[in-house]
Amino acid sequence: MFKKISLLLLAVFSAAFLFTGVECASGEAVHPAADSPYIRYYGRWEMQDKTALTGQGATYIRAKFTGSSELRADLTGKGVFWAYSIDGRAFQRVEVKGNKPITLGKGLAKDKEHLVTLVRATEGQAGISKFKGFILEQGGKLIPPPADKQRRLEFIGDSITAGAINLMPYNGTNYFVSEDGNMSYAPLLSRLLDADWSVVAKSGGGVVHNYADPWPSDKPRAIDRYGWTFFHAAISKDNPVWNSRNFPVDAVIVALGTNDFSDPHRKPTKEEFCTAYNALLQKIRQMNPQAKIICLEPLPSHLPAEIRAWIAASVQAQQDAKMYFIPINDKAPLLAPEDYTDGRTHPNILGHIKTAAYLKDKIAAIMEWE
């Protein structure tokens with residue numbers, strides 16, 4: 001089953017490559033602003049002065065347009081990559097450089113309706129992206145977009161959920177180049193389940209301990225970041241608080257624990273880990289009173305086996321009928337070394353496809369989705 005689903009997903013979604021935008025055709029342009037009612041936003045966004053801001057990875061936009069053979073996006077956010085698809089074609093990646101609008105479509109039929117999906121492929125720690133709207137040729141216009149999906153999922157995780165190093169190995173300077181959050185298991189799984197999604201993921205993030213942090217650390221952990229609209233490197237009263245009613249979800253999927261065990265000299269005790277994990281679950285429940293919460297065993301199989309039992313124990317301790325645990329490597333490692341870009345921690349695209357396929361039926365059963 002994995003092979004069949006993997007080949008299908010790979011054919012549809014894995015055309016992830018760099019693309020440089022070009023200038024739009026001459027003539028008076030039409031510039032629908034970001035606050036147009038015909039532009040739909042998914043994930044954690046904030047509207048400020050007709051500009052849509054996002055500081056999370058895998059947030060996205062949908063819109064429909066007609067009457068224009070070209071489509072450009074007025075995006076800023078240096079060093080941030082986005083993935084786009086028009087009319088269901090394979091996604092392409094483009095890097096935002098400065099304030100120059102990026103071209104998403106060229107040579108399109110003016111007399112037809114076109115659907116664009118634009119996904120931020122780079123995680124939040126790369127900085128804030130600002131979207132001021134689309135640019136169409138003279139005579140072009142936005143039209144009502146498709147209805148939102150009837151299902152919504154949110155994912156909270158680390159570099160794996162963010163899609164880090166899934167395109168190519170990390171060489172010390174190409175971290176965000178090597179990352180495509182649109183091709184992590186989270187959006188892939190959501191597409192398999194016909195669901196919209198939100199992703200709150202940060203490379204190195206942990207429950208009780210972040211990668212490379214000292215013990216103890218005053219840096220933000222998962223419990224802090226989950227409550228914010230945008231990524232922030234430090235805890236501050238000025239960090240915008242996220243209102244979960246702005247994007248209510250049916251379930252929150254928690255995929256954390258890998259970085260908690262990354263320090264070779266100091267591992268968390270059961271009490272330390274479970275105390276922090278319990279607090280995180282309570283925070284998620286506070287922000288999502290009706291949603292199901294689904295906790296995953298960390299994907300890398302080289303982690304200590306007890307982490308599986310610790311997460312399961314934390315879920316059980318909540319005595320919450322809408323809280324679940326899914327083991328990953330209890331019977332055998334889900335992924336083989338060749339499914340990782342680096343051999344053991346960060347999945348490549350096929351590894352993410354395999355993970356999404358493994359989780360699909362399990363999530364669907366919990367959600368009672370056919």
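Is Tyr 42 buried or exposed? In this predicted model, Tyr 42 has 1% relative accessibility, so Tyr 42 counts as buried. The views below start with its ring partner.

**View 1. Tyr 42 and Phe 247 form an aromatic pair.** The pair is edge-to-face. The ring centres lie 6.4 Å apart, with 90 degrees between the planes. Tyr 42 sits in strand 2 (residues 39-42). Phe 247 belongs to the loop between helix 4 (222-225) and strand 15 (251-255). The two residues are 205 residues apart, so the pair links distant parts of the chain. Phe 247 has a relative accessible area of 3% and is therefore buried.

**View 2. Phe 155 and Tyr 185 make an edge-to-face pair.** Their planes stand at 85 degrees and their centres are 5.9 Å apart. Phe 155 is in strand 13 (residues 152-157), while Tyr 185 is in helix 3. The pair ties together parts that are 30 residues apart in sequence. Both Phe 155 and Tyr 185 are buried.

**View 3. Helix 3 packs against helix 7.** Helix 3 covers residues 185-192, and helix 7 covers residues 349-367. Their axes are 8 Å apart, at an angle of about 45 degrees. The two helices are therefore oblique to each other. Their crossing is right-handed. Helix 3 makes the contact with Tyr 185, Leu 188, Leu 189 and Leu 192. Helix 7 contributes residues including His 352, Ile 353, Lys 360 and Ile 363. By class, the contact has nine nonpolar, two polar and one charged residues.

**View 4. Ring pairs build an aromatic cluster.** Its members are Tyr 41, Trp 45, Trp 82, Phe 131 and Phe 134. The whole structure holds 14 aromatic pairs.

How values were computed. Residues are numbered from 1 along each chain as its sequence is written. This is a predicted model: local features need pLDDT of at least 70, side-chain atom pairs count only at pLDDT 80 or more; totals for chains, interfaces and linings use all residues. Side-chain values use heavy atoms; hydrogens and water are left out. Axes are lines fitted to C-alpha atoms, for helices over the stretch in contact, and angles run from 0 to 180 degrees between N-to-C directions. Helices (H or I, at least four residues) and strands (E, at least two) are DSSP runs, numbered from the N terminus. Angles under 35 degrees count as roughly parallel, over 145 as roughly antiparallel, 65 to 115 as roughly perpendicular and the rest as oblique. A crossing is left-handed if the near helix is turned anticlockwise from the far one by less than a right angle, and right-handed if clockwise. Contact means heavy atoms within 4.5 Å. Ala, Val, Leu, Ile, Met, Phe, Trp, Tyr, Cys and Pro count as nonpolar, Asp, Glu, Lys and Arg as charged, and the others, Gly among them, as polar. Rings of Phe, Tyr and Trp (its six-membered ring) pair if their centres lie within 6.5 Å; planes under 30 degrees apart count as stacked, over 60 as edge-to-face and the rest as tilted. Buried means under 20% relative accessible area, exposed over 50%, partly exposed in between (1.4 Å probe, protein chains only).
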